Amino acid sequence: MKKLLYLTLGLALVATGIVGIFLPLLPTTIFFILAAGCFAKSNPRLENWILTHPKIGPNVIQWQEHKVIPKKAKLFAFTGLTFGYLMFLKMSHPAIPLAVTVALIMCAIAAYIATRPSKPATA
């Protein structure tokens, strides 16, 4: 039963990652990283497909082995966070406490991303 749950979640994450390829502000790599983790617990063949994919695999492997987020991915993440926050403000007109809370959460996410290395450490 657990394997089926991980497999289903992994497939949903792959589908979301594929949508992210075509929607510029939806991140892609994170969904494939999470899918690889799900497939590691449910279907090693699908995990291997992600890891050996010429476009997706290198970023997933860099994350798994070194917790690396490339500069280009960081730029996309910061852009997406900023755009998302501005849309949140424009569309929902939140009360100040909620706007500040959401801003603090997004700043924490941005800080986490910023503190990840952009390339593997050299030995």
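Here are legends for a few close-up views of this predicted model.

**View 1. Helix H1 from end to end.** Let's start with H1, which runs through residues 2-22 and so counts 21 residues. From its first C-alpha to its last it reaches 31 Å, close to the 30 Å expected at 1.5 Å a residue.

**View 2. The buried face of H1.** Look for Gly10, Leu13, Val14, Gly17 and Gly20: these H1 residues are buried. Seen down the helix axis, the buried residues of H1 fall within an arc of 115°, so they line one face of the helix. And what covers them? Helix H2 (29-42) and helix H3 (44-52) are included in that cover.

**View 3. The other side of H1.** Now for the face turned away from the buried side of H1, where the exposed residues Leu4, Leu5 and Phe22 sit. Phe22 turns up again in a nonpolar surface patch, which it makes together with Ile18 and Ile21. That patch covers about 330 Å², and Ile21 is one of its residues found in helix H1.

**View 4. Helix H4 and its cover.** Here we move on to H4, residues 57-66, with Gly57, Val60 and Trp63 as its buried residues. Down the axis of H4, these buried residues fall within an arc of 135°, so they too line one face of their helix. Their cover includes H2, H3 and helix H6 (96-115).

View 5. Which residue follows H4? It's Lys67, and its phi is positive, near 55°.

Key: Residues numbered from 1 in each chain as written. Predicted model: local features only at pLDDT ≥ 70, side-chain atom pairs only at ≥ 80, totals over all residues. Heavy atoms only, no water. Helix = DSSP H or I, 4+ residues; strand = E, 2+ residues; numbered from the N terminus. Expected span 1.5 Å × (residues − 1). Buried < 20%, exposed > 50% of the residue type's maximum accessible area, 1.4 Å probe, protein only. Arc of directions from axis to C-beta. Contact = heavy atoms within 4.5 Å. Patch = residues over 30% accessible without salt bridge, like charges linked within 9 Å, V, L, I, M, F, W, Y side chains within 5 Å. Areas by Shrake-Rupley, 256 points an atom, 1.4 Å probe, with all protein chains shown as cover. Salt bridge = Lys/Arg side-chain N within 4 Å of Asp/Glu carboxyl O.
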